Amino acid sequence: MQTKVDLPKLESYSIALSEKLCNDYYQGNTSVISGSEILKFTGIDQLNLFIVKNLFDRWKEESYKLRSPYFDYDNEDVKDALTIFLNKLSRHISIRKEFFKPLVKKAVADTLAYTLQPYQFLKAELLGKPIISIAELIEKEKYIKVNKFLIQSLIKKLQLQNKTGFPELEVQNYLEEIYKNYASSLEPSLRYIEAFSAILKISSEDLILTNEQSAESSFIYKKEPVIEEYKDQEVPQSKNTFKELVNEKNNGTTINDFFTKSKQTSLNDVLMKEEEDTILAKHRKSKINDLKSSVPINLRYLFINELFKGSSEDYDLALSQIERCENFDSAKNILDQLYGKKFDWNLEKTEVKEFFELVERRFY
């Protein structure tokens with residue numbers, strides 16, 4: 001039986017973890033991250049590789065949009081010059097936090113989805129075009145580390161046929177055959193769940209639907225179900241979720257198309273738009289009437305793990321005490337005395353500031 005992923009929770013956790021990872025990295029005097037630093041960004045190599053992949057996918061899209069109709073880009077001299085230029089640029093990667101965070105968020109979701117659903121992910125990643133070339137598969141292979149033998153076996157099988165391109169259905173059949181033959185050799189997803197949980201608490205039970213939930217959620221890849229934590233909230237509608245990658249038809253698109261926005265926008269515009277559309281940005285605009293139900297699930301993950309050392313009981317108790325306060329000053333005093341000292345809060349830390357900002361909006 002195929003694993004069913006709870007997509008809204010996967011999305012929420014990806015937002016929360018990308019927030020934490022970027023806050024931790026960009027603290028102090030660090031303002032940018034380089035290409036070599038991305039490869040060492042976390043201890044999870046597959047996550048780092050997917051960040052690089054996301055960056056280069058967007059870069060290729062941006063480069064394509066820069067093409068002018070007045071020049072011959074198929075000329076060999078022009079191709080050589082562009083290759084030299086792009087290679088030189090690749091040695092000078094420098095990304096600020098606001099542009100890096102969406103890349104991390106997408107990579108977190110992809111890494112978890114891939115380790116939980118390797119066949120579905122590779123199917124969406126490798127297919128989606130009428131003709132699949134070996135060159136394209138080799139290009140994608142360099143970003144895969146977990147269960148790498150799956151894509152390597154596929155490439156070797158195709159290379160034996162002395163053709164450069166293959167119909168999509170033929171490649172899909174080969175991939176399915178390889179997956180069935182090697183299913184028992186796949187690396188256990190729990191190993192990677194534990195690696196993520198060491199950074200920001202998560203368990204496989206948080207991400208995997210039970211048989212009953214799966215039966216009730218047969219539409220899982222068609223629309224986002226509203227779960228308990230999202231009641232009375234706006235469910236995040238990011239278009240970079242794994243939901244769109246595992247849709248079997250995908251409307252004829254490839255994974256690279258998921259990074260394509262309006263043809264009129266630049267790479268920076270796309271990244272900034274995604275940052276502005278985060279749940280926190282939306283919630284900063286309105287007064288909070290009920291704190292507990294108004295804290296987005298991604299921030300709940302952060303607050304419990306970063307401020308309350310993983311204790312959801314202390315977190316819930318703190319919110320209940322805040323709700324009984326008459327004003328922000330009394331709420332702040334309770335937090336300072338009962339929790340700030342207990343958990344050794346650093347008032348300059350981003351998560352602490354965001355928590356107090358939400359609490360303040362409860363009273364103003």
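Which residues in α5 meet Pro 118, Phe 121 and Leu 122 in α6? In this predicted model, the α5 side of the contact is made up of Asp 110, Ala 113, Tyr 114, Thr 115 and Leu 116. By class, the contact of α5 with α6 has six nonpolar residues, together with one polar and one charged residue. Helix α5 covers residues 97–116 and helix α6 covers residues 118–126, and their axes come within 5 Å of each other. Two packed helices are described by the angle between their axes and the distance between the axes, and here the angle is roughly 125°. The two helices α5 and α6 are therefore oblique to each other.

The protein chain has 20 helices and four strands. Of its 364 residues, 49% count as buried. Among contacts in the protein chain with a separation of 6 or more, 73% are accounted for by residues 24 or more positions apart.

Two individual residues give a view of such sequence separations at the level of C-alpha atoms. Gly 35 belongs to helix α2, which covers residues 35–38. The relative accessible area of Gly 35 is 18%, so this residue is buried, the limit being under 20%. Between the C-alpha atoms of Gly 35 and Arg 91 there are 7.3 Å, although the two residues are 56 residues apart along the chain. Glu 176 lies in helix α9, residues 168–182. With 28% relative accessibility, Glu 176 counts as partly exposed. Its C-alpha atom is 10.0 Å from that of Leu 150, a residue 26 positions away in sequence.

The buried residues of α19 are Phe 328, Ala 331, Leu 335, Tyr 339 and Gly 340. Why do they fall on the same side of α19? The arc they cover around the axis is only 95°, which puts them on the same side of the helix.

With twelve residues, α20 reaches 17 Å from its first C-alpha to its last, close to the 16 Å expected at 1.5 Å a residue. Its buried residues include the nonpolar Val 352, Phe 355, Phe 356, Leu 358 and Val 359. Glu 351, Glu 354 and Arg 361, which are charged, are buried in α20 as well.

Finally, the backbone holds a couple of points for anyone who likes to check torsions. Most residues other than glycine have a negative phi. Lys 309 is not a glycine, yet has a positive phi of about 50°. Lys 309 sits in the loop between α17 (297–307) and α18, and with 57% relative accessibility counts as exposed. Asp 344, also a residue other than glycine, has a positive phi near 55°. The loop between α19 and α20 is the place of Asp 344, which counts as exposed at 65% relative accessibility.

Conventions
Residues are numbered from 1 along each chain as its sequence is written. This is a predicted model: local features need pLDDT of at least 70, side-chain atom pairs count only at pLDDT 80 or more; totals for chains, interfaces and linings use all residues. Side-chain values use heavy atoms; hydrogens and water are left out. Axes are lines fitted to C-alpha atoms, for helices over the stretch in contact, and angles run from 0 to 180 degrees between N-to-C directions. Angles under 35 degrees count as roughly parallel, over 145 as roughly antiparallel, 65 to 115 as roughly perpendicular and the rest as oblique. Contact means heavy atoms within 4.5 Å. Buried means under 20% relative accessible area, exposed over 50%, partly exposed in between (1.4 Å probe, protein chains only). The arc is that of the directions from the helix axis to the C-beta atoms. The expected span of a helix is 1.5 Å times one less than its number of residues.
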